[in-house]
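The following note sets out comments on the model for a colleague's review. Please read the numbered points alongside the sequence and the coordinates.

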Amino acid sequence: MGSFEEEWARLRGGPSGEPGMRLAGVPAADGGGGGGGGGDADVQSTRPAWTAAGTAVGGLAGDVKKALTGLETGQTGLVAKGAVESAGAQSEVYASWKTYLEALSGRCTALQGKLERAGNDLFLTDDNLSGLFTELAKQYQDTPATGGRER
């Protein structure tokens, strides 16, 4: 990875003017599709993708908890093994890593829920909108189109 300035320029569009990041649903500068289209250039968002991301982050939380358990197991009996000189330093390192890993696990768990909720909310929104348009089409199927164009 380059410097902050290089990375920021890439995200903003860089020298080529092509954005390095696009949001689903926002058309590309060249008129290409945003989310929900068919080509490789489209950015798409699906419920399974959000769920998979949430599951992966949740798996990380589990892995962090396993690492924390291993760290705690390694601490057991440390002073009894004759490592008295380094026990104080080891205890400080252990405490800092324990705090870090517990916080990291909590963040992963919180992010998992948010990712899964985002996917669910996007799915429900699409589903609801589709249902609304279907109902409107049924309700007004006998109404002629306005603006001089046929449906």
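1. Salt bridge. The count of salt bridges comes to 1, where the rule asks for a side-chain nitrogen of Lys or Arg within 4 Å of a carboxyl oxygen of Asp or Glu. The partners are Lys98 and Glu102, whose closest N and O atoms are 4.0 Å apart. Both residues lie in helix α3, 4 residues apart, about one turn of the helix. Lys98 has a relative accessible area of 27% and is therefore partly exposed; Glu102, at 41%, is likewise partly exposed. On this scale buried means under 20% relative accessible area, exposed over 50%, and partly exposed in between, with a 1.4 Å probe and protein chains only.

2. Basis of the model. This is a predicted model, in which local features need pLDDT of at least 70 and side-chain atom pairs count only at pLDDT 80 or more, while totals for chains, interfaces and linings use all residues. Residues are numbered from 1 along each chain as its sequence is written, and side-chain values use heavy atoms, with hydrogens and water left out.

3. Confidence. The mean pLDDT (the predictor's confidence in each residue, from 0 to 100) is 74 for the protein, and 63% of its residues reach 70 or more. Among the elements, helix α2 (residues 47–75) has the highest mean, 89, and helix α1 (residues 4–12) the lowest, 73. Over residues 33–41 the pLDDT is below 50, although this stretch has 23 contacts in the model beyond near neighbours in sequence. Where pLDDT is low, the predicted coordinates should not be read in detail.

4. Overall architecture. The protein has 3 helices and 0 strands, and its elements run α-α-α from the N terminus on. These are DSSP runs, numbered from the N terminus: H or I of at least four residues for helices, E of at least two for strands. Of the 151 residues, 12% are buried. Among contacts (heavy atoms within 4.5 Å) with a separation of 6 or more, 47% join residues 24 or more positions apart.

5. Aromatic pair. How many aromatic pairs does a search of the whole structure find? The search returns 1. The ring centres of Trp97 and Tyr100 are 5.6 Å apart and the planes stand at 85°, so the pair is edge-to-face. The criterion pairs rings of Phe, Tyr and Trp (its six-membered ring) with centres within 6.5 Å; planes under 30 degrees apart count as stacked, over 60 as edge-to-face and the rest as tilted. Both residues belong to helix α3, 3 residues apart. Trp97 is partly exposed at 45% relative accessible area, and Tyr100 is partly exposed at 45% as well.

6. Ser105 is found in helix α3 (residues 84–139) and counts as buried because its relative accessibility is 6%. Leaving aside neighbours within four places in sequence, Ser105 is in contact with Ala61, Val64 and Lys65. Ser91, also found in helix α3, is partly exposed at 41%.
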